[in-house]
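Good morning, everyone, and thank you for making time for this short talk.

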Amino acid sequence: MRLGTDGTTSARTRTPRPPGRSRRRAILWLVVLGWLLIAGASSPYQSRLRDVESNSAAAFLPRSAESTQVSRLLKERFPDGDSLPALVVHRRPGGLTEADRRAVLADVDRLRAVPGTQRPVAPFTADGRPTRGLVSRDASVAVTVVPVSATKGRAVRDTVESLRDALHPPHGVTTEITGPAGISADAIAVFGDVDLRLLLATAGLVLALLLVVYRSPLLAFIPLVVVGFAYVLAAGVVYALAAHGGMLVNNQAVSLMLILMFGAGTDYCLLLTARYQEELRSDPEPRAAMVRAVRRAWPAVLFSGLTVMASLAALFAARLGSTRVLGPVGIVGTGCVLLGTFTLLPALLVLFGHRPLLRRAAGKRGTGEPAGPSGRPRGETEPAEATETTKGASDRTPAGAPEGASAGLRGGEAAVAAGSRPWRRVVAAVFRRPVWAVGATLAFFAAGSAGLASYTEDMSMLHAFRAETSSAAGYRAISEAFPAGTAAPTTVLVERVDGPLRESDLTRAARQVRSVPDVASATVLPARSADGRIGQLRVVLDADPYDATGLARISAVREALDGGLPTGVRAMTGGDPAVQLDTKHAADRDLRLIVPLVLVIVLALLIVLLRALVAPLYLIATVIVSFFGAFGISVFVFRELLGQHGLNPVEPTFAFLFLVALGVDYNIFLMARVREETRHRDTRTAMRTALLTTGSVITSAGVILAGTFSMLMILPLVMLFQLGFTVALGVLLDTVLVRVVLVPAITWLLGERAWWPAGRSGPTRERS
């Protein structure tokens with residue numbers, strides 16, 4: 001009730017809400033409720049995703065790999081099956097005492113009772129005499145060999161932890177567990193709670209950056225909610241594929257999916273939100289503005305997502321399973337985040353986010369008035385520049401243009417009029433001397449690519465961890481006291497295909513192996529296959545079997561066995577060093593195949609989106625140039641500044657994939673807007689308008705994407721640290737140099753020729 005002017009009371013009149021508007025709000029709430037139900041149903045599987053992960057390098061090798069065949073034959077035809085040796089290292093400076101030896105034997109008795117292991121080989125006999133090859137010459141280091149039957153990642157870790165619990169060394173004796181089983185267990189352990197830490201760190205960084213961008217907690221949280229719900233759904237789908245679809249998944253792929261979703265998903269949310277805010281300048285009615293925003297932004301967002309998904313699909317051609325698995329996992333993540341962008345994000349923005357966006361669109365200072373066409377509150381005087389620009393834009397709207405083209409043009413012109421002074425200066429500088437801009441940018445990238453001269457590959461498991469581990473300490477102790485390859489011996493299987501294996505066959509094979517340089521020993525083992533046709537050699541190198549020299553020696557062993565055996569006898573080399581060698585060969589092959597495949601896929605999508613040939617070609621070229629510059633700078637930093645030993649051969653493939661697929665996103669965001677603006681103006685003016693209207697949002701998106709990938713640098717593996725640094729640097733260079741300087745300058749120089757052969761769709765001729 002309120003008091004009327006005549007002193008009487010009158011009921012407060014309230015304008016009834018139109019029935020259609022109520023129905024539309026109900027639909028929006030149903031969308032939000034649907035996502036809540038999806039997230040609730042998927043969340044239990046997110047926590048169980050680690051249960052189906054496999055982090056064994058051997059599990060991801062192709063079936064044709066020689067080391068894979070060795071593992072299969074050991075499992076199928078030997079009574080004890082395949083096993084990973086765990087090497088328990090006992091050390092006392094100055095030598096192990098008699099009491100230490102008795103304690104070691106007591107430890108061996110306890111190790112024998114650990115489930116998931118086979119009978120251990122003790123370094124001492126019952127009367128205390130050293131076992132040959134297991135006690136160092138100065139008697140300061142003794143090694144107990146414990147074959148671990150478990151080969152699955154978590155089972156190996158649990159078994160090694162049980163072995164550690166069974167050890168009770170006397171005072172002054174240190175014990176470490178190394179060997180393939182110990183190294184594998186440490187690799188799994190360092191990822192213990194990495195998913196949660198990575199999720200919290202990434203979400204916190206994205207939230208902080210969004211708060212800087214929007215200066216509104218509500219607007220900052222909305223993209224996080226969208227990406228968070230999409231991630232829960234994606235994790236549930238990946239779990240289902242791994243648990244029930246037979247898909248191998250590793251922790252690396254899950255971590256990269258999380259980073260990809262938060263980075264790319266936030267970019268999509270930023271782009272659609274910015275377009276929504278731009279449309280609110282023309283019409284402050286939230287639903288109508290959102291409909292126009294989605295209608296005009298969906299090609300850029302969708303093709304950006306399709307570019308990422310199609311590039312990831314190229315990984316299906318990879319031979320290396322750990323590379324190939326990122327394809328389906330990344331596609332699921334990108335698809336889920338696109339679904340959230342086009343459904344949940346519009347619903348949340350219309351329900352909750354339109355008021356702060358209206359205030360931002362209007363440049364409010366505490367007033368509650370809606371914005372006018374130029375973005376100022378109604379009732380305030382429009383700036384002369386904005387008014388004239390808007391009027392001119394309206395006059396230039398061609399007859400027969402799509403409905404709403406004039407409104408969209410006014411929004412774009414208003415954004416140009418409201419463009420910040422620094423952006424105007426940057427744009428003016430680039431277009432004033434475009435040839436110099438192109439030349440200077442290319443010179444910078446050429447200088448950066450010079451860092452590739454420092455590139456070297458490193459497969460050593462000791463260099464894979466950023467922090468000290470028990471397996472690394474034990475490995476070094478063994479390498480100092482024994483031949484370097486003692487901690488990771490190579491297994492050679494010798495098979496006679498036409499009958500039972502002869503002792504002379506094994507002797508001949510051992511002689512061939514010993515002819516290879518840096519082979520410390522090639523020992524014939526007593527174990528035989530159940531059918532008596534296969535025997536084993538244990539080969540120990542005098543070099544680190546994981547470094548470049550050691551891998552070359554493993555390859556030489558294979559070559560020596562290929563042509564020097566009797567008729568009807570064949571030999572295959574396996575074991576952990578051979579697994580690393582086969583991984584390197586598969587990674588090198590994948591790089592040669594995937595790089596051109598990704599380029600062809602991205603080029604085809606750009607041609608479809610832009611309906612041209614010239615623009616897609618130079619967009620692809622700029623991304624390639626940017627990749628070589630960023631990768632060269634990264635290699636120089638890793639090798640010369642940080643003193644790292646080298647790069648995993650898988651990293652160039654991942655770095656190229658992410659930098660091309662994600663780097664071209666910003667070109668898509670920019671050039672799709674240029675293509676849209678060419679309906680009303682010439683290409684050079686369209687490029688200027690697109691830069692001023694999308695400059696801040698694309699830059700913000702690039703900073704956020706670089707920030708999310710930089711979160712990989714907190715992980716304990718050197719490869720992921722290097723990948724995070726490389727992609728973050730490359731994205732920043734793409735955002736700041738390629739998209740702001742190089743692409744606009746080339747487009748300015750080419751003008752209408754950029755759209756050859758289709759040409760520009762608008763009627764206006766290019767201004768001189």
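Let me begin with a question: leaving aside its neighbours within four places in sequence, which residues is aspartate 505 in contact with? Before I answer, please keep in mind that what you see is a predicted model. The contacts of aspartate 505, once those neighbours within four places are set aside, are Val494, Arg496, Pro566 and Val569. Aspartate 505 has its place in helix α18, which covers residues 503–514, and since its relative accessible area is 1%, under the 20% limit, aspartate 505 is buried.

Let me now step back to the whole chain. Its secondary structure comes to 24 helices and 9 strands, and of its 768 residues, 56% count as buried. The chain exposes about 31,300 Å², and carbon and sulfur atoms supply 59% of that area. If we take the contacts between residues at least 6 apart in sequence, we find that 78% of them join residues at least 24 apart.

Leucine 198 lies in helix α6, residues 194–214, and with a relative accessibility of 0% it counts as buried. Leaving aside its neighbours within four places in sequence, leucine 198 is in contact with Ser255, Leu258, Ile259, Met711 and Leu715.

Let us turn to the strands, and to one sheet in particular. Strands of a sheet pair through backbone hydrogen bonds, either parallel or antiparallel. Here we have an open sheet of 3 strands in the order β4-β3-β5, with antiparallel pairing. Its edge strands are β4, residues 141–148, and β5, residues 174–178, each of which pairs on one side only, and from one strand to the next the twist averages 20 degrees. Strand β3, residues 84–91, pairs with β4 in the antiparallel sense over 8 bridges, and histidine 90 stands opposite alanine 142 in β4.

Two helices lie across strands of this sheet. Helix α3, residues 98–112, lies across β3 and β4 and runs at about 5 degrees to β4, while helix α5, residues 179–189, lies across β3, β4 and β5 and runs at about 95 degrees to β3.

Finally, I would like to show you two helix pairs. Two packed helices are described by the angle between their axes and the distance between the axes. The axes of helix α20, residues 576–610, and helix α22, residues 651–677, come within 10 Å and cross at roughly 10 degrees, which means that α20 is roughly parallel to α22. Where they meet, α20 contributes residues including Leu591, Val598 and Leu606, and α22 contributes residues including Phe656, Val664 and Arg675. By class, this contact of α20 with α22 has 18 nonpolar, 1 polar and 1 charged residues.

In the other pair, helix α23, residues 683–710, packs with helix α24, residues 718–750, at an angle of about 175 degrees, with the axes 9 Å apart, and therefore α23 is roughly antiparallel to α24. By class, the contact of α23 with α24 has 16 nonpolar, 8 polar and 2 charged residues.

Definitions and conventions
Residues are numbered from 1 along each chain as its sequence is written. This is a predicted model: local features need pLDDT of at least 70, side-chain atom pairs count only at pLDDT 80 or more; totals for chains, interfaces and linings use all residues. Side-chain values use heavy atoms; hydrogens and water are left out. Axes are lines fitted to C-alpha atoms, for helices over the stretch in contact, and angles run from 0 to 180 degrees between N-to-C directions. Helices (H or I, at least four residues) and strands (E, at least two) are DSSP runs, numbered from the N terminus. Angles under 35 degrees count as roughly parallel, over 145 as roughly antiparallel, 65 to 115 as roughly perpendicular and the rest as oblique. Contact means heavy atoms within 4.5 Å. Ala, Val, Leu, Ile, Met, Phe, Trp, Tyr, Cys and Pro count as nonpolar, Asp, Glu, Lys and Arg as charged, and the others, Gly among them, as polar. Buried means under 20% relative accessible area, exposed over 50%, partly exposed in between (1.4 Å probe, protein chains only). Accessible areas come from the Shrake-Rupley method with a 1.4 Å probe; for residues, only the protein chains shown count as cover. Two strands pair if DSSP finds at least two bridges between them.
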